[in-house]
Amino acid sequence: MAALPVLALLLLAAWGGPWAAGQKRKEMVLSEKVNQLMEWASKRSVIRMNGDKFRRLVKAPPRNYSVIVMFTALQPHRQCVVCKQADEEYQILANSWRYSSAFTNKIFFAMVDFDGGSDVFQMLNMNSAPTFINFPAKGKPKRGDTYELQVRGFAAEQLARWVADRTDVNIRVIRPPNYAGPLMLGLLLAVIGGLVYLRGSNLDFLYNKTGWAFAALCFVLAMTSGQMWNHIRGPPYAHKNPHTGQVNYIHGSSQAQFVAETHIVLLFNGGVTLGMVLLHEAATSDMDVGKRKIMCIAGIGLVVLFFSWLLSVFRSKYHGYPYRYVL
């Protein structure tokens with residue numbers, strides 16, 4: 001009976017030896033991976049990967065870190081304008097992580113370009129770019145690990161919220177200083193100051209109702225067309241189908257929009273407004289009857305045409321909307 005504990009110890013040692021060796025080997029491989037990624041991240045915030053690096057550092061275990069990967073097509077002959085815009089925001093996000101207290105070896109940012117890693121695109125059955133995927137530290141990517149680009153846009157702030165949701169790593173986005181706004185404000189103040197100086201004795205132009213009405217109208221048209229939404233969400237300018245090459249300027253969902261779409265809506269709203277102004281002038285001005293008739297016809301034509309186009313855009317985004325005007 002005394003031999004049983006000794007036998008059990010021998011069996012445990014015989015089984016535990018290979019297990020301990022395997023565990024140690026796994027820890028060494030993991031340490032090499034992390035050290036390699038940290039070395040690359042210290043030189044460049046976004047690590048560029050080809051097929052071999054992706055399979056070894058992202059797909060293959062062991063891994064105790066998450067990798068945010070942007071799949072893109074940045075080469076000029078691909079003509080992916082959205083890829084370039086998304087890459088700029090992605091670089092801002094990665095740099096904000098790299099040069100802040102959020103820098104950690106629990107998450108890394110990488111990029112796979114189609115021309116340098118087409119085998120990765122084939123392996124993941126991916127046929128569109130840009131696409132952002134989080135490869136978690138444990139398990140395979142789930143549905144939420146694929147970023148909803150068409151809904152959220154690719155602004156660095158939106159990407160940071162998604163990264164925080166998937167990895168619990170909070171990144172405060174720090175954008176490079178943009179002097180365009182202060183320069184434009186300074187130019188505007190200089191123009192106003194110059195006008196006041198040159199016409200100091202006659203400031204009646206400041207009480208010009210037409211000028212103030214035009215400025216207010218431009219502001220209202222810009223806001224109602226969705227410019228503020230673009231500023232907050234940072235959507236792509238348009239979408240190009242990678243299979244057919246067709247460019248869509250109107251987003252098919254009521255929950256998102258393209259930048260080009262806001263410009264189109266701004267133009268249509270401006271056309272309707274111009275038509276209403278012409279109708280008002282035709283009804284109240286002191287011009288001869290012939291000119292007033294022309295203004296009336298032109299105003300009705302602008303309202304009918306541009307309001308019909310506005311409804312057609314609305315119908316394309318709200319599928320099943322039953323009403324239309326002319327077109």
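Residues are numbered from 1 along each chain as its sequence is written. In this predicted model, local features need pLDDT of at least 70, side-chain atom pairs count only at pLDDT 80 or more, and totals for chains, interfaces and linings use all residues, while side-chain values use heavy atoms, with hydrogens and water left out.

**Overall**

The chain comes to 11 helices and six strands. These are DSSP runs (helices H or I, at least four residues; strands E, at least two), numbered from the N terminus. Of the 327 residues in the chain, 34% are buried. Buried means under 20% relative accessible area, exposed over 50%, and partly exposed in between (1.4 Å probe, protein chains only). Among contacts with a separation of 6 or more, 65% come from residues 24 or more positions apart. A contact is a case of heavy atoms within 4.5 Å.

**Helix 3 on helix 6**

Helix 3 (residues 81-98) packs against helix 6 (residues 156-167) at about 55°, with the axes 9 Å apart. That angle makes helix 3 oblique to helix 6. Angles under 35 degrees count as roughly parallel, over 145 as roughly antiparallel, 65 to 115 as roughly perpendicular and the rest as oblique. Axes are lines fitted to C-alpha atoms over the stretch in contact, and angles run from 0 to 180 degrees between N-to-C directions. Helix 3 contributes E89, Y90, I92 and L93 to the contact; helix 6 contributes A156, L159, A160 and V163. Seven of the contact residues are nonpolar, none is polar and one is charged. Here Ala, Val, Leu, Ile, Met, Phe, Trp, Tyr, Cys and Pro count as nonpolar, Asp, Glu, Lys and Arg as charged, and the others, Gly among them, as polar.

**Aromatic rings**

The whole structure holds 16 aromatic pairs. Rings of Phe, Tyr and Trp (its six-membered ring) pair if their centres lie within 6.5 Å; planes under 30 degrees apart are stacked, over 60 edge-to-face, the rest tilted. Two pairs share F132.

| Pair | Type | Centre to centre | Between planes |
|---|---|---|---|
| Y90 and F132 | tilted | 5.4 Å | 55° |
| F132 and Y147 | edge-to-face | 5.8 Å | 90° |

Y90 in helix 3 and F132 in strand 4 (residues 131-135) are 42 residues apart. Y147 lies in the loop between strand 4 and helix 5 (149-152), 15 residues from F132. Y90 is buried. F132 is buried too, at 1% relative accessible area. Y147 counts as buried at 5%.
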